[in-house]
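This report looks at one protein, moving from a strand and its partners to a helix and its neighbours. Please keep the sequence and the 3D view side by side while reading.

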Amino acid sequence: NYVYVMLDISELKQYQSHMERLAHHDGLTGLPNRVLFETLLDQALERAQRHGLQLAVLFLDIDGFKKINDGRGHAAGDAVLGEVAERLTERLRASDTVARIAGDEFLVVLDDIADEGAAARVAAELASLIGEPVRIEGEEMIVTVSIGVALYPRDGTDAQSLVGNADAAMYRAKEEGRNRYCLYTEEITASVQRRL
């Protein structure tokens, strides 16, 4: 005698897949979150080291985002975040990585970048693209970003130092008037340490 038992586990598999996606992707934009970004950056660094390549980490922060949220509401803020994510994704190559890591902060990895000039050109293009008018709730708005750029291996050889240096460069871009990019230099770190 035989007894056959059949179970349909497709719902369980869908649920597991959904939970996996939530654990590694931003719920609003669908982009990788900080956890997945760190894994992808580590993998990119391993490839760059193994093949003698350069890569760039870009730290982007939306200028005046709090004013958008406070003045127009969170729905408008969410729409702005979605538009920025879409514009970043459309411009970058399939080999690059873009992630939303918190609030109005995005990180980008430019894989196999030729030099600092190439990274600067991409940063300028992203700032220009994001600065194009966006229609939110029937009204046209201009959104700008400040971008910091750090290069591997020149500005750091691990994820933490590259992200930290790109972050420091982004703050320098904000200090210099916002709506611009700034390449990391050791002078930026020295000026931060002098202020502490």
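## An enclosed strand

In strand S1, 8 of the 8 residues are buried, so the strand is largely enclosed by the rest of the structure; here buried means under 20% relative accessible area, exposed means over 50%, and partly exposed lies in between, with a 1.4 Å probe and protein chains only. Helices (DSSP runs of H or I, at least four residues) and strands (runs of E, at least two) are numbered from the N terminus. Leu55, Val57, Phe59 and Asp61 point one way from S1, while Ala56, Leu58, Leu60 and Ile62 point the other way, and all of them are buried. In a regular strand the side chains alternate between the two faces of the sheet.

This is a predicted model, in which local features need pLDDT of at least 70 and side-chain atom pairs count only at pLDDT 80 or more, whereas totals for chains, interfaces and linings use all residues. Residues are numbered from 1 along each chain as its sequence is written, and side-chain values use heavy atoms, with hydrogens and water left out.

## The partners of S1

Two strands count as paired if DSSP finds at least two bridges between them. S1 pairs with strand S6 (residues 145–152) in the antiparallel sense over 8 bridges, and within this pairing valine 145 of S6 is the bridge partner of isoleucine 62. S1 is also joined to strand S3 (residues 105–110) by 6 bridges, and these two strands run antiparallel. Leucine 58 has valine 108 of S3 as its bridge partner, and aspartate 61 stands opposite glutamate 105 in S3.

S3 is itself largely enclosed by the rest of the structure, because 6 of its 6 residues are buried. From S3, Glu105, Leu107 and Val109 point one way and Phe106, Val108 and Leu110 the other way. Strand S2 (residues 97–102) pairs with S3 in the antiparallel sense over 5 bridges, and valine 98 stands opposite valine 108 in S3. S2 and S3 form a hairpin with 2 residues between them, and glycine 103 in the turn has a positive phi of about 35 degrees.

## A helix with two sides

Which residues of helix H3 (residues 65–72) are buried? They are Phe65, Ile68 and Asn69, and they lie on the same side of H3 because they cover an arc of only 95 degrees around the axis, an arc taken from the directions from the helix axis to the C-beta atoms. On the other side of H3, Lys66, Lys67, Asp70 and Gly71 are exposed. An α-helix has 3.6 residues a turn, so residues three or four places apart point the same way.

The buried residues of H3 pack against strand S1 (55–62), helix H4 (74–91) and strand S5 (139–141). After H3 comes glycine 73, whose phi is positive, near 100 degrees.

## How H3 meets H4

The axes of H3 and H4 come within 6 Å and cross at roughly 140 degrees, where axes are lines fitted to C-alpha atoms, for helices over the stretch in contact, and angles run from 0 to 180 degrees between N-to-C directions. The two helices, H3 and H4, are therefore oblique to each other; angles under 35 degrees count as roughly parallel, over 145 as roughly antiparallel, 65 to 115 as roughly perpendicular and the rest as oblique. Phe65, Ile68, Asn69 and Arg72 of H3 make the contact with His74, Ala76, Gly77, Val80 and Leu81 of H4, contact meaning heavy atoms within 4.5 Å.
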